[in-house]
Amino acid sequence: MPLRPEDPLVDGNVTRDHYDRLAATYDENWAHSPEFVEWMTGCIRQRLQITGDALVADIGCGTGLFTRELARHAAAVVCAEPSAAMLAQVPADEQLIPVAARAEDLAAGRVVLPHDGYDAVLLKEVLHHVADRAAVITGLARLLRPGGRMLVVMLPTQISYPLFGAALRLFADQQPDPADVADQMRGAGLQAELAYESFPLVFPTERYLQLVRNRYMSLLSHFDDAQLDAGVAEIRRAHQGEQIAFTDTFAFVLGTAA
Ligand SMILES: C[S@@+](CC[C@H](N)C(=O)[O-])C[C@H]1O[C@@H](n2cnc3c(N)ncnc32)[C@H](O)[C@@H]1O
């Protein structure tokens with residue numbers, strides 16, 4: 001089922017409210033696993049081939065959790081983000097340049113970024129919030145310098161997260177297909193390739209349940225408190241041990257400009 005503009009995950013206000021609420025705890029969600037953050041940052045850096053003089057634009061950067069390390073290897077990272085509360089968590093650092101903007105506004109040129117062009121454009125776990133993904137990819141591809149790279153990091157169409165059934169079904173209904181994103185990059189004139197990589201995660205069960213209660217995925221903002229309580233009870237019944245282990249797999253869609 002394709003996302004429509006009226007769906008909560010692509011409704012700018014609903015999404016902004018969700019991330020405004022999540023902002024204060026977003027980094028904590030991953031604080032238990034610096035290894036995951038390091039692994040993910042490495043995957044991104046290697047694909048974007050970021051070197052000392054690179055100009056990077058991280059679109060939908062959130063708190064900048066995954067881009068802070070990139071900035072240490074680049075000339076500057078522009079951190080574009082529509083949620084003021086998320087953007088406020090981006091550390092004050094002269095190499096991180098915060099910009100309040102949606103991907104759609106940047107793609108359409110309604111908001112202009114501070115440099116003429118970028119060597120790397122990153123969209124990590126953002127595109128599922130965008131209704132017209134082809135238009136956004138085409139517009140953002142215009143920001144790339146010759147030889148520049150665009151990387152979309154996203155979940156695959158199927159996940160093995162230990163969520164409750166209704167959440168997993170909703171995810172399967174809504175998640176865009178990375179293969180379509182690769183096609184959209186090709187349509188924007190980029191050479192595109194798609195790869196998947198996985199990281200094993202282990203959480204104390206109570207910790208994972210708390211993340212679900214905190215609606216750590218925007219998907220969970222579709223469920224009211226009673227539905228979430230029932231979902232947490234369902235997860236608890238399925239995972240009675242002290243730990244929950246699962247594999248987190250990500251799609252990396254890399255587009256390169258001629
Ligand atoms: C799952 S978070 C990912 C944040 C960050 N990229 C990361 O990986 O930590 C999704 C982010 O996309 C932002 N977002 C939502 N809709 C957006 C849009 N239309 N354009 C740009 N960013 C958007 C949200 O505010 C949120 O910060």
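Mentor: Start with the helices: H1 (12-31) and H5 (103-107) each give at least two residues to the shell around the ligand. Helices here are DSSP runs of H or I with at least four residues, numbered from the N terminus. H1 makes the largest contribution to this shell, with three residues. The model is predicted: local features need pLDDT of at least 70, side-chain atom pairs count only at pLDDT 80 or more, and totals for chains, interfaces and linings use all residues. Residues are numbered from 1 along each chain as its sequence is written, and side-chain values use heavy atoms, with hydrogens and water left out.

In total, 18 residues surround the ligand, each with a heavy atom within 4 Å of it. The closest of them are Tyr-26, Gly-60, Glu-81, Ala-103 and Lys-124.

Which atoms meet at the ligand? Tyr-26 places a polar side-chain atom 2.6 Å from a ligand oxygen. Glu-81 also uses its side chain, where an N or O atom is 2.5 Å from an oxygen atom of the ligand. A polar contact is a pair of N or O atoms within 3.5 Å. On its own the ligand has 590 Å² of accessible area, and the protein covers 94% of that (Shrake-Rupley method, 1.4 Å probe).

Now the cysteines. The structure has zero disulfides, a disulfide being two cysteine sulfur atoms within 2.5 Å. For Cys-43, the nearest cysteine sulfur is that of Cys-61, 19 Å away, and Cys-43 is in no disulfide. Cys-43 is buried, at 5% relative accessible area; buried means under 20%, exposed over 50%, and partly exposed in between (1.4 Å probe, protein chains only). Cys-61 is in no disulfide either, and its nearest cysteine sulfur belongs to Cys-79, at 4.5 Å. The relative accessible area of Cys-61 is 9%, so this residue is buried as well.

Last, Ala-238. This residue belongs to helix H10, which covers residues 225-238. Ala-238 is exposed, because its relative accessibility is 58%. Leu-163 is 75 residues from Ala-238 along the chain, and the C-alpha atoms of the two are 9.7 Å apart.

Key:
Polar contact = N/O pair within 3.5 Å; in protein donor to acceptor, adjacent residues only side chain to side chain.
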